[in-house]
Amino acid sequence: MDQILIRGGRPLSGTIPIGGAKNAALPLMAAGLLTANTLTLHNLPHLADISSMAHLLAELGVEIHMNGGVENGHTGRAFSLCAANVADTTAPYDLVRKMRASVLVLGPMLARTGHARVSLPGGCAIGTRPVDLHLKALEQLGAEIELKEGYIEARAPKGLTGASILFPVVTVGGTENLMMAATLARGETVIANAAREPEVSDLARCLQAMGAEIDGVGTDTLRIQGRESLHGADHVVVPDRIETGTYAVAAAITGGTVTLTGTRAELIETLVNSLQEAGVAVTATNDGLTVSRTGTLRGVDVMTEPYPGFPTDMQAQMMALMSVAEGASMITETIFENRFMHVPELCRMGADINVHGRSAIVRGVGGLSGAPVMATDLRASVSLVLAGLAARGETLVNRVYHLDRGYERLEAKLAACGADIERVRQ
Ligand code: EPZ
């Protein structure tokens, strides 16, 4: 297993290009199942999760053509997906267990073919992550759902019928699965308490380009008029706001100045507010934003919430930053039940953090010291890299396969801004 070796203490300075959003690209690829025509997606990031989704769709009979490299000024890849013949409707366990987002093929496949057999994703490091809300809502659209031998068996022999759905908690994947299924259901579907994440809105806009009729995009109530069929489209994936936020924190924690391009400051408005409150200068540019920290960092309180609140996917990164701020910070995680695995590893680097239930008290320390640390999940891993950039001495991050799922060329992007960071191949 590869490792990442960092020699910390160097302020970052330079420019980092931001790629297309992983958490938009995954549902967008699944949306290709909704039509027999070709859906072309631009600005896709080169990530392990994207390859896993492509592998799953190919297993289902989707024809995929990829072209790499820079095209039309985007840094990402373009994929053309054609699901003219969905040969198989089973998403097998060995693929789903590697990537929970595979469950996003459930709604589109059921709506398009009337049948879907998807392995239950199982839990992951940050929590049990059930999909019960997806299933209950699909049953409201008329699906017959059974759980057999670890698989979700979903049938809709007479097709799906629109319904009024109210999610008891905001679920990004649940909203995406239902929105996709509803585009081919008979009549109107209303989704109340819908997720408003930019990735959900990006999916809605792509579905509209495919001929779907969706109102309320960006609000917590989506209204979808079902169609007989959808046609192909071209769509550019929205920039990755979590990658944007991660490198903004990298600039702040090293006391450097970094310009992020190919993104938009308004995608991370709540995070920007927290960074500015902590003493970080953030300036919007016409192609992204510039982040700079020269003075003292102040501790600020943070509570994760569904969008537009503070993103849970930025909680670990913010905790790394707060561990070297002056004063204390209370960080509360309201979305997932076990998303503090980065705490013991940050403490091994000298951070002073105490977890009480869903909240962590972070008391800023003068500085961190490098250490060998263990990555446990995608965002916890990157918080250890951020801490290593600021720490004195060497930090060796193990199990970096977690990082490769969500960060494209992380060490190259950071090294280009002066970080002393390298991948150690095992
Ligand atoms: C998406 O996961 C993202 N993944 C996650 O990003 C992100 O952390 C999460 O949304 C919250 O923003 C992708 O988009 C591929 P949820 P998702 O359904 O859809 C509970 C990353 O690091 N819930 O919004 O799985 C659930 O347990 C990843 O890129 C149910 O109880 O998240 C959680 O507590 C990590 N039943 C809460 O809702 C359900 O049926 C929010 O989950 C569904 C969810």
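Biologist: Which residue stands opposite Met-330 in strand 21?
Modeller: Two strands pair if DSSP finds at least two bridges between them. Here Met-330 stands opposite Ile-361 in strand 21. Strand 19 (residues 328–332) runs antiparallel to strand 21 (residues 359–363), and 5 bridges join them. This is a predicted model, in which local features need pLDDT of at least 70 and side-chain atom pairs count only at pLDDT 80 or more, while totals for chains, interfaces and linings use all residues. Residues are numbered from 1 along each chain as its sequence is written, and side-chain values use heavy atoms, with hydrogens and water left out.

Biologist: What other strand pairs with strand 21, and over how many bridges?
Modeller: Strands are DSSP runs of E with at least two residues, helices are runs of H or I with at least four, and both are numbered from the N terminus. Strand 20 (residues 352–356) pairs with strand 21 in the antiparallel sense, over 5 bridges.

Biologist: Is Asn-43 buried or exposed?
Modeller: Buried means under 20% relative accessible area, exposed over 50%, and partly exposed in between, with a 1.4 Å probe and protein chains only. Asn-43 has 6% relative accessibility, so it counts as buried. Arg-409 also has a positive phi, near 55°. Arg-409 is partly exposed because its relative accessible area is 48%. Arg-409 sits in the loop between helix 13 (401–404) and helix 14 (410–415).

Biologist: Where is there a cis peptide bond?
Modeller: Most peptide bonds are trans. A cis bond joins Tyr-307 and Pro-308, with omega about 10°. Pro-308 lies in the loop between strand 18 (302–303) and helix 10 (315–322).

Biologist: What is the radius of gyration of the protein, and what would a compact globule have?
Modeller: The radius of gyration is taken over C-alpha atoms, and the globule rule is 2.2 Å times the number of residues to the power 0.38. For 426 residues a compact globule would have a value near 22 Å; the protein has 21 Å, which agrees. Of the 426 residues, 58% count as buried.
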